[in-house]
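Morning, everyone. Please have the sequence and the model open while I talk. I'll keep this short.

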Amino acid sequence: MSQVTEGNLDARGLKFAIVVARFNSFITDRLLAGAEDALKRSGAAAEDVEVVRVPGSWELPMAAKALAAQKRFDAIIALGAVIRGETPHFDHVAGQAASGLAAVQAETGVPVAFGVLTTNTVEQAIDRAGGKSGNKGFDAAMTAIEMGDLMRRLRK
Ligand code: INI
(Lines give C-alpha, C1' and ligand atoms only; values in the text may rest on other atoms or scores of the structure.)
Protein backbone atom coordinates (compact mmCIF):
# COMPACT_ATOMS: atom_id res chain seq x y z
CA MET A 1 0.00 0.00 0.00
CA SER A 2 1.08 3.61 -0.44
CA GLN A 3 0.63 6.92 1.33
CA VAL A 4 -1.09 9.45 -0.92
CA THR A 5 -1.05 13.20 -0.32
CA GLU A 6 -3.36 15.44 -2.33
CA GLY A 7 -5.11 18.75 -1.96
CA ASN A 8 -8.79 19.05 -1.16
CA LEU A 9 -11.21 21.19 -3.16
CA ASP A 10 -12.01 23.20 -0.06
CA ALA A 11 -11.17 26.89 -0.17
CA ARG A 12 -12.14 27.69 3.43
CA GLY A 13 -9.30 29.53 5.15
CA LEU A 14 -7.21 29.87 1.98
CA LYS A 15 -6.23 33.23 0.49
CA PHE A 16 -6.17 33.92 -3.25
CA ALA A 17 -5.09 36.65 -5.63
CA ILE A 18 -6.63 36.82 -9.08
CA VAL A 19 -4.60 38.76 -11.64
CA VAL A 20 -6.63 39.50 -14.74
CA ALA A 21 -5.77 41.14 -18.07
CA ARG A 22 -8.00 43.95 -19.35
CA PHE A 23 -7.19 43.18 -23.01
CA ASN A 24 -10.13 41.28 -24.54
CA SER A 25 -12.10 42.18 -21.41
CA PHE A 26 -15.34 40.85 -22.90
CA ILE A 27 -13.66 37.44 -22.47
CA THR A 28 -11.58 38.02 -19.35
CA ASP A 29 -14.56 39.44 -17.43
CA ARG A 30 -16.26 36.06 -17.96
CA LEU A 31 -13.14 34.20 -16.86
CA LEU A 32 -13.05 36.37 -13.73
CA ALA A 33 -16.71 35.67 -12.99
CA GLY A 34 -16.05 31.93 -13.37
CA ALA A 35 -13.03 32.05 -11.06
CA GLU A 36 -14.91 34.03 -8.39
CA ASP A 37 -17.84 31.61 -8.65
CA ALA A 38 -15.55 28.60 -8.10
CA LEU A 39 -13.86 30.19 -5.08
CA LYS A 40 -17.14 31.27 -3.50
CA ARG A 41 -18.84 27.90 -4.03
CA SER A 42 -15.80 26.14 -2.57
CA GLY A 43 -15.99 28.17 0.64
CA ALA A 44 -13.54 31.04 0.14
CA ALA A 45 -14.40 34.17 2.12
CA ALA A 46 -14.88 37.37 0.10
CA GLU A 47 -12.18 39.13 2.12
CA ASP A 48 -9.71 36.35 1.21
CA VAL A 49 -9.94 37.02 -2.54
CA GLU A 50 -8.14 40.01 -4.08
CA VAL A 51 -8.37 41.02 -7.74
CA VAL A 52 -5.54 42.86 -9.51
CA ARG A 53 -5.99 44.16 -13.07
CA VAL A 54 -3.19 44.54 -15.63
CA PRO A 55 -3.31 45.90 -19.22
CA GLY A 56 -2.69 42.64 -21.07
CA SER A 57 -1.50 39.06 -20.75
CA TRP A 58 2.09 40.21 -21.30
CA GLU A 59 1.91 41.98 -17.93
CA LEU A 60 0.47 39.02 -15.98
CA PRO A 61 3.83 37.53 -14.86
CA MET A 62 5.14 40.79 -13.40
CA ALA A 63 2.03 41.36 -11.29
CA ALA A 64 1.88 37.68 -10.28
CA LYS A 65 5.51 37.84 -9.15
CA ALA A 66 4.86 40.90 -6.98
CA LEU A 67 1.82 39.22 -5.43
CA ALA A 68 3.73 35.99 -4.76
CA ALA A 69 6.52 38.00 -3.10
CA GLN A 70 4.02 39.41 -0.60
CA LYS A 71 3.70 35.87 0.82
CA ARG A 72 0.06 36.54 1.72
CA PHE A 73 -1.57 34.17 -0.77
CA ASP A 74 -1.94 30.39 -0.92
CA ALA A 75 -2.33 30.56 -4.69
CA ILE A 76 -2.59 33.00 -7.57
CA ILE A 77 -4.98 32.70 -10.49
CA ALA A 78 -3.83 34.33 -13.74
CA LEU A 79 -6.51 35.15 -16.32
CA GLY A 80 -6.11 36.43 -19.86
CA ALA A 81 -7.18 35.89 -23.45
CA VAL A 82 -4.71 35.88 -26.33
CA ILE A 83 -6.45 35.51 -29.68
CA ARG A 84 -4.31 34.69 -32.71
CA GLY A 85 -6.57 36.36 -35.23
CA GLU A 86 -6.06 39.70 -33.56
CA THR A 87 -2.33 39.95 -33.30
CA PRO A 88 0.78 39.22 -35.33
CA HIS A 89 2.70 38.93 -32.07
CA PHE A 90 0.40 36.24 -30.66
CA ASP A 91 3.30 33.87 -30.09
CA HIS A 92 5.28 36.44 -28.13
CA VAL A 93 2.40 37.47 -25.87
CA ALA A 94 1.14 33.92 -25.32
CA GLY A 95 4.65 32.54 -24.84
CA GLN A 96 5.68 35.25 -22.40
CA ALA A 97 2.53 34.76 -20.36
CA ALA A 98 3.03 31.00 -20.14
CA SER A 99 6.76 30.93 -19.46
CA GLY A 100 6.65 33.98 -17.19
CA LEU A 101 3.88 32.56 -15.02
CA ALA A 102 5.60 29.16 -14.86
CA ALA A 103 8.76 30.91 -13.69
CA VAL A 104 6.87 32.76 -10.95
CA GLN A 105 5.56 29.59 -9.38
CA ALA A 106 8.89 27.78 -9.77
CA GLU A 107 10.85 30.67 -8.23
CA THR A 108 8.47 31.58 -5.41
CA GLY A 109 6.82 28.30 -4.46
CA VAL A 110 3.39 29.94 -4.71
CA PRO A 111 1.09 28.03 -7.09
CA VAL A 112 0.04 30.05 -10.14
CA ALA A 113 -2.98 28.59 -11.94
CA PHE A 114 -2.85 29.23 -15.69
CA GLY A 115 -6.17 30.63 -16.83
CA VAL A 116 -4.90 32.28 -19.99
CA LEU A 117 -6.82 31.33 -23.12
CA THR A 118 -4.73 31.02 -26.28
CA THR A 119 -7.08 30.55 -29.20
CA ASN A 120 -7.18 31.00 -32.96
CA THR A 121 -10.54 32.75 -33.01
CA VAL A 122 -12.83 34.89 -30.87
CA GLU A 123 -15.44 32.14 -31.09
CA GLN A 124 -13.07 29.60 -29.53
CA ALA A 125 -12.38 32.05 -26.71
CA ILE A 126 -16.11 32.55 -26.09
CA ASP A 127 -16.58 28.75 -26.00
CA ARG A 128 -13.98 28.52 -23.20
CA ALA A 129 -15.23 31.50 -21.22
CA GLY A 130 -18.62 30.21 -20.19
CA GLY A 131 -19.69 28.80 -23.57
CA LYS A 132 -19.94 25.23 -24.75
CA SER A 133 -16.45 24.27 -23.57
CA GLY A 134 -16.94 25.42 -19.99
CA ASN A 135 -15.19 28.26 -18.22
CA LYS A 136 -11.39 28.10 -17.94
CA GLY A 137 -11.48 30.74 -15.21
CA PHE A 138 -13.58 28.39 -13.09
CA ASP A 139 -11.20 25.51 -13.89
CA ALA A 140 -8.12 27.56 -13.02
CA ALA A 141 -9.63 28.55 -9.68
CA MET A 142 -10.35 24.90 -8.82
CA THR A 143 -6.72 24.09 -9.59
CA ALA A 144 -5.60 26.99 -7.39
CA ILE A 145 -7.72 25.66 -4.51
CA GLU A 146 -6.28 22.15 -4.83
CA MET A 147 -2.69 23.36 -5.14
CA GLY A 148 -3.06 25.90 -2.33
CA ASP A 149 -4.31 23.17 -0.01
CA LEU A 150 -1.68 20.70 -1.23
CA MET A 151 1.18 23.15 -0.59
CA ARG A 152 -0.05 23.76 2.97
CA ARG A 153 0.06 19.99 3.54
CA LEU A 154 3.49 19.53 1.94
CA ARG A 155 5.02 22.35 4.01
CA LYS A 156 3.93 20.82 7.32
N1 INI B 1 -2.84 41.05 -24.78
C2 INI B 1 -3.71 40.04 -24.50
O3 INI B 1 -3.95 39.74 -23.32
N4 INI B 1 -4.32 39.39 -25.51
C5 INI B 1 -4.10 39.68 -26.82
O6 INI B 1 -4.70 39.01 -27.72
C7 INI B 1 -3.21 40.73 -27.13
N8 INI B 1 -2.97 41.12 -28.50
O9 INI B 1 -3.77 40.76 -29.36
O10 INI B 1 -2.03 41.83 -28.81
C11 INI B 1 -2.58 41.41 -26.06
N12 INI B 1 -1.70 42.42 -26.32
C13 INI B 1 -1.30 43.37 -25.31
C14 INI B 1 -0.11 42.88 -24.50
O15 INI B 1 -0.52 41.88 -23.57
C16 INI B 1 0.52 44.03 -23.71
O17 INI B 1 -0.44 44.57 -22.83
C18 INI B 1 1.04 45.15 -24.63
O19 INI B 1 1.91 44.64 -25.60
C20 INI B 1 1.81 46.22 -23.80
O21 INI B 1 2.93 45.66 -23.11
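First, a caution: this is a predicted model. Keep that in mind throughout.

Let's start with charged pairs. How many salt bridges does the count come to? Eleven. I'll take you through some of them.

Find Lys15. Its side chain meets that of Asp48 in a salt bridge, 2.9 Å from N to O. Where do the two partners sit? Lys15 is in the segment before strand S1, which covers 16–21. Asp48 is in the loop between helix H1, 25–41, and strand S2, 49–54. The partners are 33 residues apart in sequence, so the pair ties together separate parts of the chain. Now look at their surroundings. Lys15 is partly exposed, at 37% relative accessible area. Asp48 is buried, at 12%.

Next, Lys132 and Asp127. They also form a salt bridge, and their closest N and O atoms are 4.0 Å apart. Are these two buried or exposed? Lys132 is exposed, with 72% relative accessibility. Asp127 is buried, with 14%.

One more pair: Lys136 and Asp139. The N to O distance in this salt bridge is 3.6 Å. Both residues belong to helix H5, residues 136–155. They are three residues apart, so about one helical turn separates them. Lys136 is partly exposed at 32%. Asp139 is partly exposed too, at 37%.

Now the backbone. Most residues other than glycine have a negative phi. Two residues here call for a look on that point.

Take Asn24. Its phi is positive, near 60°, and the residue is not a glycine. Asn24 lies in the loop between S1 and H1. Its relative accessibility is 9%; because the cut-off for buried is under 20%, Asn24 counts as buried.

Then Lys71. Phi is positive here as well, near 55°. Look for Lys71 in the loop between helix H2, 60–69, and strand S3, 75–83. Is Lys71 buried or exposed? Exposed, with a relative accessible area of 70%.

On to helix packing. Two packed helices are described by the angle between their axes and the distance between the axes. Our pair is H1 and H5. Their axes come within 6 Å and cross at roughly 40°. That angle makes H1 oblique to H5. The crossing is right-handed.

Which residues make the contact? From H1, we have Leu31, Gly34, Ala35, Asp37, Ala38, Leu39 and Arg41. From H5, we have Lys136, Gly137, Phe138, Ala141, Met142 and Ile145. By type, eight of the residues in this contact are nonpolar, two are polar and three are charged.

Asp149 is buried, at 13% relative accessible area. What does Asp149 touch, beyond its neighbours within four places in sequence? It is in contact with Glu6, Gly7, Asn8 and Leu14.

To recap. Lys15 and Asp48 link parts that are 33 residues apart in sequence. Asn24 and Lys71 have positive phi values. H1 and H5 cross at roughly 40°. And Asp149 is buried in the model.

That's my tour. Over to you.

Terms used:
Residues are numbered from 1 along each chain as its sequence is written. This is a predicted model: local features need pLDDT of at least 70, side-chain atom pairs count only at pLDDT 80 or more; totals for chains, interfaces and linings use all residues. Side-chain values use heavy atoms; hydrogens and water are left out. Helices (H or I, at least four residues) and strands (E, at least two) are DSSP runs, numbered from the N terminus. Buried means under 20% relative accessible area, exposed over 50%, partly exposed in between (1.4 Å probe, protein chains only). Axes are lines fitted to C-alpha atoms, for helices over the stretch in contact, and angles run from 0 to 180 degrees between N-to-C directions. Angles under 35 degrees count as roughly parallel, over 145 as roughly antiparallel, 65 to 115 as roughly perpendicular and the rest as oblique. A crossing is left-handed if the near helix is turned anticlockwise from the far one by less than a right angle, and right-handed if clockwise. Contact means heavy atoms within 4.5 Å. Ala, Val, Leu, Ile, Met, Phe, Trp, Tyr, Cys and Pro count as nonpolar, Asp, Glu, Lys and Arg as charged, and the others, Gly among them, as polar.
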